Amino acid sequence: MAGENEENTASNEDNIRLDKLRNRVKQYLDKHQYETAVFWADKVVTMSKDALADVYMHAQALYLTKQYHRAAHVLKSRDLHKNEAACKFLVAKCHVEVREYQEALDILEGADEIWKTPNRVTVTKPPSVNTSHLQVSNVHSSISLLKGKIFEALENRVQATEHYREALKQDVYCYEAFDLLVKHQMLSCEEERQLIDSLPFTSQCSDDEAAILRAVYMSILKKYDKPSPIVTPDALVPLKQNLDIITSQAERYYYHSDFRSTYNITNRVLQADPFHSTCLPLHIATLVELQKSNELFYLGHRLVDLYPNKAVAWFAVGCYYYLVGKQDAARRFLSKATSLDHLYGPAWLAFGHSFAIQGEHDQAMAAYFTASQLMKGCHLPVLYVGLEQGLTNNPQLAEKFFNQALSIAPSDPFVLHEMGVVAYQTNNWVDAEKYFLEAIMELQGLGEGALSEKWEPILNNLGHVCRKLGKYDEALGYHQRALVLSPQNPSTFASIGFVYCLQADFNTAIDYFHKALGLRRDDTFSVTMLTHVIEQSICDMPACEGEEDLADLPTLSLKDTSTLSQTSMKLDQSSINETSPDTEMEMDL
């Protein structure tokens, strides 16, 4: 009996000593002293005679020291990856880190068969391993997420999307799966909303948590498919000072083309967190729109110094050179960004813009086609392909791509505007008016005071269509509204003067042509019209009673008015986010 008591006492002392050593390993992991944790975790495994939890902790410590092959060997040599879901996941993750994607996928095959309960793994252990239980929360969601990443790395985006969906449904708090679906533009706007509606919030969290979680996810969804008022839901009031929520509001302003407000918000966010990963691409896009080249230069070089392996750093540098007109340098740095992250949509869009701005349409379309393959749920790449087709005098092909963009984002006023431009170019005035009016209707929700100068071409183009249809009073109304948004636009003054000329109000027409020439002295159309109207006024001959009488004069076309052409709209629509848009962009330029 005495001998047994002594053995029991010794065993208890060993267990106490072992527990203390385990706690010490966890403390070193918490303090990020991973090498020390690896050293003592190895001793714990030996002392506990390969206890499952200790072997798993040792492998985790090895993973954190980036010893991926060694960590996988620790688990595979004991056959734990065959029966234990958590170990299977860790082994597969080690293979993913060294880009052995097929090996990782082979290991994960059949993982469903060993899940016994949603939050706990209970399996039969090999004889050489001490039996105990691993408590692993939602390991099935983590495995689905990892499978999605593997399929995405293998460029099987359909399977990747399905596994990300599954991971999110298994764990509604799995933000990483949701972020990859949204950031990599895997779903259209409608599909994103359907996904949110299908998530089992009520079964996995309380009513209050479900409301907050749903509102947070909704704030992250695409924002460039249609303009909408900026309203903070009641569920997000407790988070109104959160930087992610503030950045989501800034994206709304950006896609409403309110770049000043966007800049003020993103500047405030970056002052609080200088390297906020979601805000940086949006801030870069805003700097391009506001032509703040000096600030963009400083930001780009700062990011390259601190994060040379991040795509956003080289994206910022490429955008700077794009802004200052050095397109060869811009393409070189944007290529660097895409080589670091092949799925970085904003860099692909900016790469296409760098060709488009130089009139190299084929190369621009090639970049946009690549972006469209990587951003299936985003309509911006195909929209830009349509723009380039229009610039190469292919209105039929342009309309085809615009229809494709319209199927993805049926309420985007930019797409509706381009459909109207194609109809205008083919002399289909009725359809052109319909598309322009639909675009205006989408913008009305913002209020007239919220419209920025970016939307001026839609109003001017609608004025031109009304003039073609003989609706002169309506045409004047739209041109006057465009003048409110852009008071110093000579084309708008020339357009108003032309309508007054058609109404035989020569004195008013002369005034507006003079205003147009005061802003742009080399405006050929205004010079020609002014000379003609003055001659008619002097001779007192009503030669301008109808538009047909001016057949021998240059007509006011999209090209004549510059702001009405697809060329100007190409960059007017630009944003770097897919932002988103690219911007986001969600981002694009």
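1. Which residues line the second largest cavity? In this predicted model, the lining is formed by Ser188, Cys189, Lys222, Tyr224, Asp225, Gly377, Cys378, His379, Ile408 and Ala409. The space inside the second largest cavity comes to about 30 Å³, and the residues of its lining divide into 5 nonpolar, 3 polar and 2 charged.

2. Lysine 88, which belongs to helix 6 (residues 85-97), deserves a careful look, since the residue counts as buried at 6% relative accessibility, where the cut-off for buried is under 20%. Its side chain reaches the backbone oxygen of isoleucine 107 at 2.9 Å. Along the chain, lysine 88 and leucine 75 are 13 residues apart, and their C-alpha atoms are separated by 8.4 Å.

3. Isoleucine 107, whose backbone oxygen the side chain of lysine 88 reaches, is itself one of the buried residues of helix 7 (residues 101-108), which are Ala104, Leu105, Ile107 and Leu108. These residues lie on the same side of helix 7, because they cover an arc of only 160° around the axis. The cover over the buried residues of helix 7 includes helix 6 and helix 8 (139-153), and helix 6 is where lysine 88 is found.

4. Just after helix 10, glutamine 185 takes a positive phi of about 55°.

5. Lysine 49, in the loop between helix 2 (34-47) and helix 3 (52-64), has a positive phi near 55°, and at 62% relative accessibility lysine 49 counts as exposed. Alanine 504, in the loop between helix 28 (490-502) and helix 29 (506-519), likewise has a positive phi, near 65°, but at 35% relative accessibility alanine 504 counts as partly exposed.

6. The side chain of threonine 266 reaches the backbone oxygen of tyrosine 263 at 3.2 Å. When neighbours within four places in sequence are left aside, the contacts of threonine 266 are Ala250, Cys279, Leu282 and His283.

7. Proline 457, found in helix 26 (residues 456-468), is buried as well, with a relative accessible area of 1%. Proline 457 and alanine 482 are 25 residues apart along the chain, while their C-alpha atoms are separated by 7.4 Å.

Notes. Residues numbered from 1 in each chain as written. Predicted model: local features only at pLDDT ≥ 70, side-chain atom pairs only at ≥ 80, totals over all residues. Heavy atoms only, no water. 1 Å grid on protein atoms, 1.4 Å probe; cavity = no way out; pocket = protein on both sides within 12 Å on 5 of 7 lines; lining within 4 Å. Points joined across faces, edges and corners; volume = space filled by probe spheres on them. Nonpolar A, V, L, I, M, F, W, Y, C, P; charged D, E, K, R; others polar. Helix = DSSP H or I, 4+ residues; strand = E, 2+ residues; numbered from the N terminus. Buried < 20%, exposed > 50% of the residue type's maximum accessible area, 1.4 Å probe, protein only. Polar contact = N/O pair within 3.5 Å; in protein donor to acceptor, adjacent residues only side chain to side chain. Arc of directions from axis to C-beta. Contact = heavy atoms within 4.5 Å.
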